[in-house]
Amino acid sequence: GTVLRLLLKMLSSCSKVDDPRPGQPYKGGDFCAFLPDNKEGQKTAMLLKKAFAHGLTFQIKSCNGEERVTWGLIPHKTSWGGGKARNGYPDSQYLREVCTVL
């Protein structure tokens with residue numbers, strides 16, 4: 001089937017007051033997620049867009065002494081293949097699971 005590809009770009013910046021290390025610079029990045037292009041996938045994309053607008057999609061974590069943007073607690077499919085073990089499809093439970101989190 002066809003696929004929805006979500007492209008998200010987080011710019012490097014400094015963490016805010018409510019972040020774990022306020023005022024510390026962090027490195028951004030380019031992120032990509034996939035959803036099936038069907039009714040449920042489109043509904044999920046809208047919910048993910050709302051979560052992004054509310055700052056729930058990403059978090060800042062320390063990695064090898066460097067602060068950087070990483071995926072937050074909302075699960076995303078970061079590859080179209082590879083199955084559940086590789087954050088990809090096929091995963092028949094994903095849309096149900098992510099909608100429960102959202």
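What share of the contacts in the protein chain with a separation of 6 or more comes from residues 24 or more positions apart? I found 53%, a contact being heavy atoms within 4.5 Å.

**Ground rules.** I am working on a predicted model, where local features need pLDDT of at least 70 and side-chain atom pairs count only at pLDDT 80 or more, while totals for chains, interfaces and linings use all residues. I number residues from 1 along each chain as its sequence is written, and side-chain values use heavy atoms, with hydrogens and water left out.

**Whole chain.** I looked up the secondary structure and found two helices and six strands, in the order β-β-β-β-α-β-β-α. Helices (H or I, at least four residues) and strands (E, at least two) are DSSP runs, numbered from the N terminus. I noted a C-alpha trace that spans about 45 × 25 × 20 Å along its principal axes. Of 102 residues, 31% count as buried, meaning under 20% relative accessible area with a 1.4 Å probe, protein chains only. The chain exposes about 6,800 Å², and carbon and sulfur atoms supply 56% of that area; the areas come from the Shrake-Rupley method with a 1.4 Å probe.

**Charges.** I have 15 positive and 9 negative side chains, with the centres of the two sets 3 Å apart. Lys and Arg count as positive, Asp and Glu as negative, and His and the chain ends are not counted. Each charge is placed at NZ of Lys, CZ of Arg, CG of Asp or CD of Glu.

I followed strand β5 (residues 58–63) to strand β6 (residues 66–71); the two run antiparallel and are joined by six bridges. Strands pair if DSSP finds at least two bridges between them. Q59 has T70 in β6 as its bridge partner. Two residues lie between the strands, and N64 takes a positive phi near 55 degrees.

**E67.** I placed E67 in strand β6. Why does E67 count as buried? Its relative accessibility is 10%. The E67 side chain makes a polar contact with the side chain of S62 at 3.4 Å. Such a contact is a pair of N or O atoms within 3.5 Å; within protein, one must be able to donate a hydrogen and the other to accept it, and residues adjacent in sequence count only if both atoms are side-chain atoms. Not counting residues up to four places away in sequence, E67 touches several residues, including R21, Y26 and I60.

**H76.** I found H76 in the loop between β6 and α2 (94–101). H76 counts as buried because its relative accessibility is 9%. The H76 side chain reaches the backbone oxygen of I74 at 2.9 Å. Leaving aside neighbours within four places in sequence, H76 contacts A33, L48, T57, W71, N87 and Y94.

Terms used: Buried means under 20% relative accessible area, exposed over 50%, partly exposed in between (1.4 Å probe, protein chains only).
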